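Thank you all for coming.

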Amino acid sequence: MPKRGKLARGRYWARWRIYIRQADGRETVKRAEKIIDRTVAEQMGFLLDYSGPLNKTDAWKVLAKLIDGSKGALAAFNAKITFGELAREYVELNKPNWEASTSRVNVQLIEDHLVGNLGGRGVRDFANAESDLQRFLNGYVEKQSSKSLLSKLVTFLRAVFNLAVDKGLLERNPARKLRAKSRKRSSNLSHTLEECDRLLAHVSGADHLAVRILIQLGPRSEEAFALRRKDVLQHGLLIDEAIVDGETKQTKTLASQAVMYLPPDLELELQHYLQALSDDPDGWLFPSSRRGAPVRPGNFLNRVLKPAALLAGVSVRTSAKGKPTSGLNYQSLRRTSSTLFGAKAKDPKSTQAHMRHADPTITLKIYQQAIPSEVKVAALALEADLLEQKRKREAEGSDARLV
């Protein structure tokens, strides 16, 4: 009810009671209150045909609507909805805003880890279950789950229970204080100059060129295999798109769009390679056997990179099945490019430019972008080291044959 004398003109203190009948027939009372003013009225959809503070008549109308809303919230509060049903509703509400690859990963994670373990419990059962949810997460921490998985579990738990609060199923979010710190060490694997040389010695043709680009220029895999013939510029390689799930997308960030400097020997190999390709400027630089499609990064990793790394003895280890495998992947190659290039660069900013980790808010004029001289110097030095390593290996092989 509006209360005079306590608030400024046009503001009213509304109080009302909500009567709740329990399953055993007992009746309890819940008190509710809210400050009503013009802003609240307009947010609730009331169209006021006058300026200035809210009048008392309209304040009563707002109060009536608040009471009606309380009845609806109470019905939802008493509804028997399971966590699984609510989690799937959250997915349906948010799925249109996720990228295709992100959507697939998120849906699978929510179904396998959250719905699979908590789905059968009623949402109302979690009203005071903060400790249960923390123990649930602690189980994943003890299993040495990755930082990424734990972060997603916490994020989605909070999001689903936020939806429960919005729908009036819970008064507060039981997941708001959850914590989960991974005990699993993040991988810092990178490869030495000698390992890079051995890897390059076990690939040829288009595969050799692709591996050189990955090592020397450090593009992400989805960027490397999205390169087209028209992206090959004079002394530069344009990175302006990516391939995700077989579809062309924008690069990860605006800063990722850049012209990467092509050192002379790599540019020479690339020019020789282009002579065997179609003249179509939109043609893929690394086409697959399927007509009109680029090589898929996953296929290249499993069919070219991993076997070559095994033959070259690069980061070989035993898999869970007891078979030899290699820890080499696209992340380790990109980390290798950063490490080797950084050893030649004069300052961290040159490596930052090489890896395209600049501030994403900066608008880059791609075709007019000047490549810093320091980047060229470091790129030339890295290429010289790779070529020198190759000459040493070939010379040692020649000496062995003479003996």
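What you see is a predicted model, with a mean pLDDT of 84 over the protein and 87% of the residues reaching 70 or more. Over residues 1–5, however, the pLDDT is below 50, although this stretch has 10 contacts in the model beyond near neighbours in sequence. The pLDDT is also below 50 over residues 359–370, a stretch with 16 such contacts. Where pLDDT is low, the predicted coordinates should not be read in detail.

Let me move on to helix α12, which runs over residues 330–344 and spans 22 Å from its first C-alpha to its last, close to the 21 Å expected for its 15 residues at 1.5 Å a residue. At its N-terminal end the helix is capped by Asn329, which places a side-chain oxygen 3.1 Å from the backbone nitrogen of Gln331. The buried residues of α12 are Tyr330, Ser332, Leu333, Arg334, Thr336, Ser337, Leu340 and Phe341. As a reminder, an α-helix has 3.6 residues a turn, so residues three or four places apart point the same way.

My last point concerns Glu195, which is found in helix α7, residues 193–201. Leaving aside neighbours within four places in sequence, Glu195 is in contact with Ser190, Val314 and Ser315.

Terms used
Residues numbered from 1 in each chain as written. Predicted model: local features only at pLDDT ≥ 70, side-chain atom pairs only at ≥ 80, totals over all residues. Heavy atoms only, no water. Helix = DSSP H or I, 4+ residues; strand = E, 2+ residues; numbered from the N terminus. Expected span 1.5 Å × (residues − 1). Buried < 20%, exposed > 50% of the residue type's maximum accessible area, 1.4 Å probe, protein only. Polar contact = N/O pair within 3.5 Å; in protein donor to acceptor, adjacent residues only side chain to side chain. Contact = heavy atoms within 4.5 Å. pLDDT = per-residue confidence, 0-100.
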